[in-house]
Amino acid sequence: MISLSRVFDVNNAFTYTMMIAGVAQAIIAAQLLTSPALAAGKFLGWSTQRTQYVNSPFPPVRGFARLDIGDHASYAIAFCATLSGIALACFALLHIGPSLPLAITVFFGAALTFRVPMGRNAADQLLLITLIALLLGTFDGAAGMSMALAFIAAQSVLAYFTAGITKCRHRGWYDGSFVRALLMTETFGQRGVSTVVKRFPVIAVPLGSALLVAEVLFPLIVLVPVQAALVILCLFLIFHLTLAAIMGLNTFVFAFGATYPALLFANVSIASYLPHVF
Amino acid sequence: MFIALSFVFGLWFALSVIRQFRLPIMDWITRYDILGLVPSWRLFAPRPMRVDYKVMRRFSTDAGPRTKWHDPVIDPHTNRWRIIWNPHRRGRKITGELGKLMGTAAFADWPVSMRLQHGLYVALLSRVSADAPREANAVQFGIIVHRKFDPEYPSYPLFVSPFHDLA
């Protein structure tokens with residue numbers, strides 16, 4: 001039988017994280033690349049996006065915002081970011097040294113983030129954090145990689161836990177009214193789903209409460225037995241896939257999914273330090 | 001190198017934890033954090049977006065009459081493949097953020113010159129100005145709040161801009 005602690009040792013966990021993060025980067029960048037809104041004069045065009053930097057405290061950023069980045073440069077950045085993501089996933093798959101592909105991916109990921117600052121969501125932010133942490137982790141061999149994975153796992157735990165705790169303050173998550181309302185919007189819902197929720201409003205109650213409980217208890221993922229952690233993360237992955245299908249949050253699947261190998265690595269590491277607990 | 005990395009990751013995570021609280025120092029950090037590396041992890045909390053924001057626009061023309069209000073179709077929603085492919089999500093997110101901004105009491109009191117310095121406002125103005133008919137000389141836009149799949153939810157106008165000259 002394969003030992004899960006070996007499957008999620010530092011090298012493997014680092015490789016899996018890199019692979020999934022590469023796919024996430026490729027999808028996020030390719031979506032921007034193919035978005036009609038990226039063209040000049042459109043919603044995501046540079047002439048509108050650069051207004052975000054008008055009051056930047058960094059003089060070089062303000063200076064850069066005055067430059068004209070034409071359509072060609074914008075599409076080139078998105079294209080290179082897509083390619084670098086694909087290359088990162090391939091290099092990880094082939095176990096080729098990660099430093100250079102990671103550095104290139106981080107560069108184009110950051111450039112794309114700078115080019116399109118508006119409309120970022122948690123998936124975009126978590127992905128860039130993950131990529132930079134992975135790059136930093138390559139500076140000091142296995143110890144650096146372990147630190148990077150621990151940091152990524154900690155960010156993931158912080159993200160879910162903060163979201164859960166913040167939801168606790170509002171009754172609408174317990175009584176299902178927030179879930180019902182959310183699923184009846186065009187932005188995050190679908191006609192079929194909203195019809196079901198309208199006909200059986202009571203199903204929104206366990207959905208809202210279960211989400212809240214799962215997020216608040218998420219930090220336990222690093223303390224439970226690794227088999228249980230694996231099952232829980234599979235359930236979270238299904239949860240993200242469901243949200244992707246219903247709400248269109250497809251990038252969350254990969255951006256948060258990239259942190260799961262790091263979480264399993266953290267789980268295995270903690271268990272090895274505290275063998276008497278379990 | 002080990003100590004340097006420990007310091008970097010330790011400081012980064014400490015800032016991330018502090019960022020989750022509404023402290024005055026966070027405004028300062030957010031201002032400098034142009035890449036969003038110290039995010040506020042809310043994920044639909046505390047209250048999710050429970051309405052849709054529909055953008056409408058109309059033009060005034062050289063000939064005099066104004067065009068009818070119409071939907072410029074900023075972000076098509078129907079995409080059955082959005083589980084894996086969703087290129088319109090950024091536009092939708094911006095529309096949502098703009099709706100939230102315009103729903104605040106403070107925004108209503110902003111003079112036009114101040115609104116024109118806000119990135120989201122400029123983004124929307126730029127978008128509704130695109131594809132303007134040749135005879136148009138100014139554009140006006142409005143945001144309507146509604147809940148698409150809930151006919152019982154009353155829709156209402158949230159914001160109507162003045163006419164902005166087209167360049």
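What percentage of the 278 residues of chain A count as buried? The figure is 51%, where a residue is buried if 20 or more other C-beta atoms, placed from the backbone, lie within 10 Å of its own.

The model is predicted: local features need pLDDT of at least 70, side-chain atom pairs count only at pLDDT 80 or more, and totals for chains, interfaces and linings use all residues. Residues are numbered from 1 along each chain as its sequence is written, and chains are lettered from A in the order in which they are written.

Begin by selecting chain A. Its secondary structure consists of 15 helices and zero strands, helices being DSSP runs of H or I with at least four residues and strands runs of E with at least two. Chain A is as compact as a globular protein of its length, because its radius of gyration of 20 Å is close to the 19 Å from the globule rule for 278 residues. That radius is taken over C-alpha atoms, and the rule is 2.2 Å times the number of residues to the power 0.38. The C-alpha trace spans about 60 × 55 × 35 Å along its principal axes.

Next, select chain B and colour domain 1 (1-45) and domain 2 (52-165) separately; such bounds come from an automatic or database domain assignment. The C-alpha centres of these two domains of chain B lie 33 Å apart.

Finally, display the contact between the chains: 56 residues come from chain B and 64 residues from chain A, two residues being in contact if their C-beta atoms lie within 7 Å. On the side of chain B that touches chain A, α1 (2-19), α2 (24-32), α3 (89-102) and α6 (119-129) each supply at least two residues. Of these helices, α1(B) gives the most, with eight residues.

Notes:
Buried ≥ 20, exposed ≤ 12 C-beta atoms within 10 Å, placed from the backbone.
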